[in-house]
Amino acid sequence: MILSALLTSVGINLGLCFLFFTLYSVLRKQPWNSAVYAPRQIGDEEEEEDGFFNFDMLLPSAGWVRRAWQVSEDELLCRSGLDAVVFIRIFVFSSRVFAIGGAIGIFVLLPVNYLGNQLSIDFYDLPNKNLETFSISNVNDGSNWLWVHFSAAYIFTGVVCYLLYYEYNHISLRRIASFHSSPPQPRHYTIVVRGIPSSEGRSFSEAVQAFFTDNHPSTYLSHMVVHRTSKIRSLIKDAEKLYRTLARAKSQSSQQINKKDRLLGLFQGRDTDVSHYEQKLEDLERNVRTEQHSLTEIHQEVPAAFVSFKSRFGAAVALHMQQGLDPTEWLTEEAPEPRDIHWSSFSSSFMKRWISRIVVVVACVALTILFLIPVVLVQGLANLEQLETWFPFLKGILDLTIVSQIVTGYLPSLILQLFLYLVPPVMLMLSSMEGYLSSSSTEKSACTKVLWFTIWNIFFANVLSGSAFYQVNIFLEPKNIPKILAEAVPGQATFFISYVVTSGWTKLSSEISQLTSLLWSYVTGVFSSNDDEEIEVPKLPYHSEIPRILFFGLLGTTYFFLAPLILPFLLIYFCIGYITFRNQLLNVYEPKYETNGRFWPIVHGSTIFSLILMHVIAIGIFGLKKLPLASTLTVPLPILTLLFNEYCRRRFVPLFQYYPTESIVKKDKEDQNRPNMAEFYDKLVTAYRDPALLPVQYARNNSSLSSPLLQSQV
């Protein structure tokens with residue numbers, strides 16, 4: 001791998017970035033853009049001229065940068081929630097870490113590496129030299145200059161741990177402050193009860209009321225038993241689709257239907273008669289009411305219920321105490337937000353959830369193994385000699401300088417990134433099979449899966465496949481792991497720098513432009529005949545974005561003292577990402593749920609793992625460089641890091657699991673003086689009612705095509 005290939009990769013990505021921003025500017029200012037979903041810029045003035053080409057359209061506006069920068073963290077919290085603040089704090093933390101690490105790496109470690117003579121260097125042919133000349137591999141074996149790297153590892157670890165503690169403390173305080181400043185919320189007064197014991201002649205609803213009336217007489221308020229409503233939800237979904245079809249049919253009936261429309265009607269089953277659709281819709285509505293009425297029967301109940309209390313403290317007591325003599329019955333867990341509930345998960349039995357989780361583990365392992373196929377392909381592209389061995393007829397083409405630079409410097413990371421786009425949705429699907437009661441829990445689980453999948457398949461598989469992938473003793477003899485990693489990791493520095501540019505910089509440019517969404521909206525707007533269809537505002541996919549950021553943090557931490565040339569590329573990514581996602585959270589994405597910062601422990605754990613990995617590699621690299629004393633003195637570093645992690649786990653993790661009694665009681669006392677608490681309790685009784693059970697009524701007398709199909713009545 002040569003520096004010219006890296007420069008080629010950077011150049012290509014800079015060109016792609018300019019293309020993304022140019023297309024964004026043009027699409028944002030086109031007259032047909034009114035129906036296209038695009039980033040909304042606060043304060044943008046309307047264009048004076050519409051429909052005419054202007055050279056200014058090719059110049060992306062930078063006003064959004066200033067507006068995104070000026071918004072305070074408190075404003076971001078009010079508008080997008082604590083999860084958005086935590087997401088931005090990841091960029092803040094990473095920028096601080098790699099600003100300090102980059103200063104040490106570029107101004108201290110890089111000159112030391114460059115001035116070594118372990119590898120032969122031709123100063124007159126520097127652009128074509130191997131990146132290892134800028135890495136620790138170029139430092140002479142046994143050189144005292146290696147003590148600079150040793151000191152840097154200790155300093156960098158101290159900086160990261162200090163900043164980790166600062167961020168953990170800051171976010172935990174934010175979490176408590178957000179709790180104190182928030183109005184009464186149903187989830188703070190409600191718990192989920194599962195494993196309700198069944199008894200002959202008595203429904204689950206009666207059992208719940210009797211149990212909590214007897215055991216929590218002073219705090220129990222009400223309950224809502226969960227029913228099997230999957231069939232009703234399916235009927236309502238069919239009714240909504242039929243109403244849209246009816247709306248289009250009414251629109252077509254008011255105009256002259258041409259021959260093309262009649263031909264299309266043949267493929268739609270010839271059901272273009274408005275009265276037929278109206279009758280069919282009435283039948284669906286009648287079926288919905290019939291199914292809702294049948295849910296009053298005992299056999300339609302699920303052994304789970306939402307139980308609400310008169311105070312937060314009453315709900316907390318019921319949540320943390322074992323309710324029944326049998327620990328497998330009356331199981332309690334924290335209730336999610338009403339908008340965050342995954343209703344279909346309640347129908348799953350304990351045995352089904354247990355089996356599903358085993359199946360998900362097996363599926364994740366199988367996916368990890370299958371993903372080694374594109375990894376091997378990428379390694380072949382990164383190694384021209386191996387590629388020429390596989391495909392001898394390409395030797396003449398690969399000898400061309402520009403082709404070899406693109407193939408080795410850009411194409412491997414691009415192919416790997418294309419395959420990686422499939423991973424987050426697959427992991428989200430697998431997590432949904434595990435039976436979590438909320439979408440936020442499902443996404444947290446998917447976030448963890450994507451993170452460790454990325455670390456293993458992008459880092460370890462790429463590192464070990466070229467040198468030690470077939471060495472089984474890496475698993476059988478753990479003592480050889482530091483040596484194997486020390487031999488393999490430095491040689492992949494160029495690939496990972498190219499990966500940061502390809503996956504990171506290009507992703508940020510496509511993120512701010514929303515090019516895929518713009519083009520898709522334009523295409524569907526041109527070919528769709530339903531102009532009244534609402535555009536769904538997207539939410540930020542934390543399960544895919546957080547693992548990407550944390551993986552870049554792992555690369556920077558690992559290569560901090562091995563190949564510090566990667567640090568400026570990472571710092572640029574984190575700085576641009578900070579501004580980009582502040583704009584997106586303010587103007588593009590809409591929060592669908594709120595976990596109150598519970599993604600941060602994942603960030604903390606990933607950072608600690610990155611530090612431990614750096615320490616293990618440091619132990620091995622100092623041993624290979626024949627400086628055993630430095631290798632020995634590095635051993636306490638991972639031990640100290642693990643002790644720090646244990647302290648943080650005991651100090652902060654409980655605050656991210658449950659709110660403390662002191663805060664709950666204080667909040668309950670404050671709410672006693674609220675004049676609208678009686679109204680809140682009335683709403684709390686029905687807050688966790690399944691939307692499929694709400695009364696529905698078709699608006700027959702409303703001729704407006706924009707009126708809703710189903711009107712909810714409480």
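Residues are numbered from 1 along each chain as its sequence is written. Because the model is predicted, local features need pLDDT of at least 70 and side-chain atom pairs count only at pLDDT 80 or more, while totals for chains, interfaces and linings use all residues; side-chain values use heavy atoms, with hydrogens and water left out.

The protein chain holds 29 helices and four strands. Helices (H or I, at least four residues) and strands (E, at least two) are DSSP runs, numbered from the N terminus. The chain has 714 residues, and 50% of them count as buried. Buried means under 20% relative accessible area, exposed means over 50%, and partly exposed lies in between (1.4 Å probe, protein chains only). The accessible surface comes to about 34,800 Å². Carbon and sulfur atoms account for 60% of that surface. Areas follow the Shrake-Rupley method with a 1.4 Å probe; for residues, only the protein chains shown count as cover. Contacts (heavy atoms within 4.5 Å) were examined between residues at least 6 apart in sequence. Of these, 84% join residues at least 24 apart.

The UniProt record, an unreviewed entry, places the feature "transmembrane region" at residues 6-27, 97-116, 145-165, 354-378, 450-470, 549-579 and 599-624. UniProt positions are given in the numbering used here, feature names are shortened, and annotations may be inferred rather than shown by experiment. Two of the spans can be described from the model. Residues 145-165 are 95% helix and 0% strand, with end C-alpha atoms 31 Å apart. Residues 599-624 are 96% helix and 0% strand. The end C-alpha atoms of that span lie 38 Å apart.

A nonpolar surface patch covers about 920 Å². Its members are Phe-350, Met-351, Trp-354, Ile-355, Ile-358, Val-359, Val-362, Met-429 and Met-433. Patches are made of residues with over 30% relative accessible area and no salt bridge; like charges are joined within 9 Å, and nonpolar side chains (Val, Leu, Ile, Met, Phe, Trp, Tyr) within 5 Å. Helix H11 (residues 350-370) gives the largest share of the patch, seven residues. Ile-358 is in helix H11. This residue is partly exposed because its relative accessible area is 41%.

The loop between helix H24 (566-587) and helix H25 (600-624) contains Thr-595. Thr-595 counts as buried because its relative accessible area is 6%. Its side chain makes a polar contact with the side chain of Asp-83 at 2.6 Å. A polar contact is a pair of N or O atoms within 3.5 Å; within protein, one must be able to donate a hydrogen and the other to accept it, and residues adjacent in sequence count only if both atoms are side-chain atoms. The Thr-595 side chain also reaches the backbone nitrogen of Arg-598, at 3.4 Å. Leaving out residues up to four places away in sequence, Thr-595 touches Asp-83, Arg-175 and Ser-440.

Asn-596 lies in the loop between H24 and H25. Asn-596 is buried, at 6% relative accessibility. Its phi is positive, about 60°, although the residue is not a glycine. Most residues other than glycine have a negative phi. Lys-626 also has a positive phi of about 60° and is not a glycine. Lys-626 sits in the loop between H25 and helix H26 (628-634). At 59% relative accessibility, Lys-626 is exposed.

The whole structure contains 25 salt bridges. A salt bridge is a side-chain nitrogen of Lys or Arg within 4 Å of a carboxyl oxygen of Asp or Glu. One joins the side chains of Glu-334 and Arg-598 (2.8 Å, N to O). This pair links distant parts of the chain, 264 residues apart: Glu-334 is in strand E4 (residues 331-334), and Arg-598 is in the loop between H24 and H25. Glu-334 is partly exposed at 29% relative accessibility, and Arg-598 is partly exposed at 22%.

The side chains of Glu-337 and Arg-339 form another salt bridge (3.3 Å, N to O). Glu-337 is buried, at 11% relative accessibility. In helix H27 (residues 636-657), Glu-646 and Arg-649 lie three residues apart, about one turn of the helix. Their side chains meet in a salt bridge at 2.6 Å, N to O. Glu-646 is partly exposed at 28%, and Arg-649 is partly exposed at 41%. Salt bridges with shared partners join Glu-73, Asp-74, Arg-89, Arg-96, Glu-167 and Arg-174 into one network.
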